[in-house]
Amino acid sequence: MPTTEPTTPWDRIRAHWSAPAWLRTSHVVTGLPISLLALVVIVGLTALSVLLVGTVVVPLVALLLLFRSVPLLTRLQRARFLAFLNVDIPPSPRCPRERNPLKRLLQEARTRSTWRQLAYHLLSPVINVIGFIMVIGVWAGSLIAVEFAVQGWILEEYTIIAVSALLAAVLLVAGPWVARGVTALDVIAAEALLGPSLSDRLVQRVETLQESRAEVVDAADAERRRLERDLHDGAQQRLVSLAMNLGMARAALTDVPDPARQAIVRAHEEAKQALKELRDLVRGLHPAVLNDQGLDAALSGIAARAPFPVRLRVDVPERASPTIEAIAFFVVSEALTNVSKHARASGAEVTVRRADGRLHLVIADDGRGGARLGGGTGLRGLAQRAGSVDGTLDVDSPPGGPTTIRVELPCE
């Protein structure tokens, strides 16, 4: 809801003494016991682990309790900021907890956010003690000044009345400003030390982008599958029926005039050509054999249809995800298409193997070489397709050949 700027002196006075001013004061007052509690817990457990270091067990337990108490104290502080200042400090990302106490201790000790939170709990008592003295001192001073003014009025000491009233007015006006300054300093320290650091936010952002990218890639692959099914079950079947009917008409209608017969022949040939192009398109979108029989069978079909000999070796004992298999299929298909168009090769070799959780593809030909990622031969598109799943594509193609394309794709 938009706020309006105060326009009259009375509006300015009410804004100065509004509820946020009292909430800031409450934030400062409640911060003192919480910060002192945190200081006692941290110093006590640290001292216990240092003084009894010879017993081994007690220091480990003390340190484990220390690292376990830090997140609890942090949540208490975050709740205070949210309740009084409406400042929501997001938590730092945490790794999955280890069940082994010693491993858990080492995990907490290696986490940077733990030490940042610990630094805030050690700094917070300083901020809150000084802030408490300043804020409460201003409010108490204003009340004392009012009391002196009342006593001066009773004793008819007009100088005391004037000085006390002026001092009370100054302190009452300064009180909300002092509370605002102290809470602003506390918020800066809390957001810097209790919330996620810049590196944490970047990591979260990268993870979010990776998840979004994976969803987009999977959605695109699912859409290609849907188009393949629709074309295979719809348009392709109609073209098959049309070609069969035209073929039967071509064989049966032998006594029709020659122009009509030639028209039937041309229609039959065009229907067969359209059916072939549609089958190639469907196969290029997402071949059904890839889903049914896996990458070996799908790549065997590509190698058999190539206009030059292709030696294929596939060693994939365990299938990768459908998205990775689809990308591998399209990379090999497009690479062999580029070889037939540009390389002037007499043969090619395709090797696919799975090792160390990654799918390794090598496409080599004995052509004229000179292929580059930015050379307009479609290699850049293959690199982008591999990069969409955190894969890599390298090209080794000196002038005169041979050309070797190496691709690595994560299997998960």
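What follows is a walk through the fold, the cores and the charged pairs of this structure.

The model is a predicted one, in which local features need pLDDT of at least 70, side-chain atom pairs count only at pLDDT 80 or more, and totals for chains, interfaces and linings use all residues. Residues are numbered from 1 along each chain as its sequence is written, and side-chain values use heavy atoms, with hydrogens and water left out.

To start with the overall picture, the protein has 12 helices and five strands. These are DSSP runs numbered from the N terminus, with helices (H or I) needing at least four residues and strands (E) at least two. The protein has 412 residues, and 37% of them count as buried; buried here means under 20% relative accessible area, exposed means over 50%, and partly exposed is in between (1.4 Å probe, protein chains only). Among the contacts (heavy atoms within 4.5 Å) with a separation of 6 or more, 72% are between residues 24 or more positions apart.

Now for the inside. In soluble globular proteins, nonpolar side chains tend to be buried together. A nonpolar core is taken as a set of buried Ala, Val, Leu, Ile, Met, Phe, Trp, Tyr and Cys residues joined through side-chain atoms within 4.5 Å. The largest one here has 38 residues, and those with the most contacts inside it are Leu336, Leu359, Leu361, Ile363 and Leu409. At least two residues of this core come from each of helix H10 (295-305), helix H11 (322-343), E2, strand E3 (358-365), helix H12 (379-387) and strand E5 (403-410). H11 gives the most, with 12 residues. A second, separate core has 11 residues, among them Leu85, Val87, Val187 and Ala189.

Leu361 shows what these contacts look like from one side chain's position. Leaving out residues up to four places away in sequence, Leu361 touches Ala328, Val332, Thr351, Val352, Ile405, Arg406, Val407 and Leu409. Beyond its neighbours within four places in sequence, Thr351 is in contact with Arg313, His360, Leu361 and Val362. The side chains of Thr351 and Arg313 also make a polar contact of 3.4 Å. That term covers a pair of N or O atoms within 3.5 Å; within protein, one must be able to donate a hydrogen and the other to accept it, and residues adjacent in sequence count only if both atoms are side-chain atoms.

Strand E1 also holds Val310, which counts as buried at 18% relative accessibility. Apart from residues up to four places away in sequence, Val310 touches Ala303, Leu336, Ala348 and Val350. Val310 and Asp365 are 55 residues apart along the chain, yet their C-alpha atoms are separated by 9.0 Å.

On to the charges. Side chains of opposite charge can pair when their charged atoms come close. Four salt bridges turn up in the whole structure, each being a side-chain nitrogen of Lys or Arg within 4 Å of a carboxyl oxygen of Asp or Glu. One of them joins the side chains of Arg80 and Asp186 (3.1 Å, N to O). Because Arg80 lies in helix H3 (residues 57-85) and Asp186 in helix H6 (residues 158-193), this pair ties together parts that are 106 residues apart in sequence. Both Arg80 and Asp186 are buried.

Arg313 pairs with Glu349 in another salt bridge, with the closest N and O atoms 2.8 Å apart. This pair links distant parts of the chain, with Arg313 in strand E1 (residues 310-315) and Glu349 in strand E2, 36 residues apart. Arg313 is partly exposed at a relative accessible area of 43%, and Glu349 is partly exposed at 26%. Glu325 and Arg319 form a further salt bridge, their closest N and O atoms being 2.7 Å apart. Here Glu325 counts as buried, at 5% relative accessibility, whereas Arg319 is partly exposed, at 42%.

Val43 lies in helix H2 (residues 19-51) and, at 47% relative accessibility, counts as partly exposed. Val43 and Leu122 are 79 residues apart in sequence and 9.1 Å apart in space, C-alpha to C-alpha.
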